[in-house]
Amino acid sequence: TVFNLFTLSTSVSYALDVFGGQRRLVEGLHAEVDLAHANERAAYLALAGNIVNTVIAKAAYRAEVEATLQLIELQKEQVRLAEIQARAGTVPYSTVLSLRSQLASYEATIPQLEQKSTQSAHLLAALSGHVPAEWTAPEVSLGDLTLPIDLPVSLPSALVRQRPDILAAEATAHAASANIGVATAALLPNVTLSGSLEAVSNSTSMLFPANGKAWSVGAHATAPLFEGGTLWFKRKAALDNYRQAMALYRQTVLGAFVQVADSLRALDHDAQSLLAEDEALAAAEQALRLIQANYQAGLATYLDVLNADA
């Protein structure tokens, strides 16, 4: 006899995480989220740093071009005066040739500097997410760039703790540690509670009355019996991965301390270099004023003034 059988059922199961495998799995997933956040922050900081460096480089190239153009004008004036003196027989003609050679070397640097400035502008457009032909970087002069007056005081350890590469290495080690718990729990039994409720009838109208229903509640446990050492070696691999992650974490921390120490020392050395250059500039300005006074008194030539100005 052909007949219809209608079944409506539902079941619920819950794994008793006795040995913490699922907890460690969730912990590892949280560590992967932290790793993704650290990598995202590192990418953002790298992009921001590259943009700042490119803006500074572009402004520096433009300032160098302007300074070189001023030197060229001074050199042209020196050549003109040297030619007059050579025609008057007061200086040898070799002086004129030497000044012309120096003038040509100054003029040869202009295209190179212009090329570097153009490359910086193109790189800035790319870092900003634009095609160079469709976007022009705003002009920023070197004098417009200033350092903050008050720098935040912080310990090297605090600076290191904020680095995204440190946070990424820490999250990687955290995930590797959680994987050890997952691999360990796989070696042990797994207990699951389950329950089901179903209704069976040869007609849909009889699915919902009580005489067509059945239920069941139970628990079952599964345990690895023979895996050929696979689970044991997986746990051993997890331990080795954790040791590797901790070694990389330690290496990253040590490298970060070295970079922070180098940066702090570089700030000190840059300050010393800047102080020496300021003293050199003050001495050059004083020498220029002295030569200008001698020129007005007839004790120095105009060529001496141009040399001091350069």
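**The core and its helices**

The largest nonpolar core has 9 residues in all: Val 65, Ile 72, Val 79, Ala 82, Val 96, Leu 99, Leu 103, Ile 110 and Leu 113. A nonpolar core is a set of buried Ala, Val, Leu, Ile, Met, Phe, Trp, Tyr and Cys residues joined through side-chain atoms within 4.5 Å. This is a predicted model, where local features need pLDDT of at least 70, side-chain atom pairs count only at pLDDT 80 or more, and totals for chains, interfaces and linings use all residues. Residues are numbered from 1 along each chain as its sequence is written, and side-chain values use heavy atoms, leaving out hydrogens and water.

Visitor: Which element gives the largest share of this core?
Guide: H1 and H2 each supply at least two of the core residues. Helices (H or I, at least four residues) and strands (E, at least two) are DSSP runs, numbered from the N terminus. The largest share, 5 residues, comes from H2.

Visitor: How far apart are the end C-alpha atoms of helix H2?
Guide: The expected span of a helix is 1.5 Å times one less than its number of residues. Helix H2 has 35 residues (93-127), so the span should be 51 Å. The model agrees, with the end C-alpha atoms 52 Å apart.

Visitor: Which helix do the buried residues of H2 pack against?
Guide: The buried residues of H2 include Leu 103, Ile 110 and Ser 117. Ile 110 touches Val 65, Thr 68, Leu 69 and Ile 72, not counting residues up to four places away in sequence; contact means heavy atoms within 4.5 Å. The buried residues of H2 pack against helix H1 (21-88).

Visitor: Is Lys 58 buried or exposed?
Guide: Lys 58 lies in helix H1. Leaving aside neighbours within four places in sequence, Lys 58 is in contact with Ser 117, Ser 120, Ala 121 and Glu 139. Buried means under 20% relative accessible area, exposed over 50%, partly exposed in between (1.4 Å probe, protein chains only). At a relative accessible area of 10%, Lys 58 is therefore buried.

Visitor: What does Leu 193 count as at 38% relative accessibility?
Guide: Leu 193 sits in strand S2 (residues 190-201). With 38% relative accessibility, Leu 193 counts as partly exposed.

Visitor: Which residue just after H2 takes a positive phi?
Guide: Helix H2 covers residues 93-127. Just after H2, a positive phi of about 85 degrees is taken by Gly 129.
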